[in-house]
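Here is a short briefing on one protein model. Look over the sequence and the structure first, then read the points grouped below.

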Amino acid sequence: AWTVGFSLSLLGHLSSVTLSEVRPMLQYGLLFLALHQAVTSFLVAVNIYEPMYRKKGLVASIGSHVAWTTGIPTIPFRIVKKLYDGSKNASNTIMTKDEH
């Protein structure tokens, strides 16, 4: 998920550069993102899915993979919601202290 935003921010900085100058930089950027994805996937597989498979079986390994895949893109939304809920609770606490 962050790789799309990262790519868009890079392209935003390169808006004044000609297309022939952007193409090699874009190729290097995409290569970097592909390597990042490969290394991350390998590390997650070795450190999370493999031990889960050994301890709990194939179904648990598949379940953890599904949870990881669906959970990672939702992290920014959950952080925003938690901050929003925290600010609402803080304002409610202030209001109740003032009322007493």
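A salt bridge here is a side-chain nitrogen of Lys or Arg within 4 Å of a carboxyl oxygen of Asp or Glu. E50 and R54 form such a bridge, with their closest N and O atoms 2.1 Å apart.

**Fold and confidence**

- The protein has 4 helices and 0 strands.
- Along the sequence the pattern reads α-α-α-α.
- Mean pLDDT for the protein is 76, and 70% of its residues reach 70 or more.
- Helix α2 (residues 19-56) has the highest mean pLDDT among the elements, at 84.
- Helix α1 (residues 2-13) has the lowest, at 67.
- Where pLDDT is low, predicted coordinates should not be read in detail.

**Surface and burial**

- The accessible surface of the protein is about 8300 Å².
- Carbon and sulfur atoms account for 70% of that surface.
- Of the 100 residues in the protein, 10% are buried.

**Salt bridges**

- How many salt bridges does a search of the whole structure find? The search finds 2.
- Side chains of opposite charge can pair when their charged atoms come close.
- E50 and R54, the pair at 2.1 Å, both lie in helix α2.
- They are 4 residues apart, about one turn of the helix.
- E50 has a relative accessibility of 32%, so it counts as partly exposed.
- R54 is exposed, because its relative accessible area is 66% and the cut-off for exposed is over 50%.
- K81 and D85 form a salt bridge too, at 2.7 Å from N to O.
- K81 and D85 are 4 residues apart in helix α4, so about one helical turn separates them.
- K81 has a relative accessible area of 52% and is therefore exposed.
- D85, at 27%, is partly exposed.

**Nonpolar patch**

- Which residues make the nonpolar surface patch? They are I48, W68, I72, I75, I79 and L83.
- The patch covers about 520 Å².
- Helix α4 (residues 75-99) gives the largest share of the patch, with 3 residues.
- I79, one of the patch residues, lies in helix α4.
- I79 has a relative accessible area of 47%, so it is partly exposed.

- S61 sits in helix α3 (residues 58-71).
- Is S61 buried or exposed? S61 is buried, because its relative accessible area is 11% and buried means under 20%.
- Setting aside neighbours within four places in sequence, S61 is in contact with Y49, M52 and Y53.

Notes. Residues numbered from 1 in each chain as written. Predicted model: local features only at pLDDT ≥ 70, side-chain atom pairs only at ≥ 80, totals over all residues. Heavy atoms only, no water. Helix = DSSP H or I, 4+ residues; strand = E, 2+ residues; numbered from the N terminus. Buried < 20%, exposed > 50% of the residue type's maximum accessible area, 1.4 Å probe, protein only. Contact = heavy atoms within 4.5 Å. Patch = residues over 30% accessible without salt bridge, like charges linked within 9 Å, V, L, I, M, F, W, Y side chains within 5 Å. Areas by Shrake-Rupley, 256 points an atom, 1.4 Å probe, with all protein chains shown as cover. pLDDT = per-residue confidence, 0-100.
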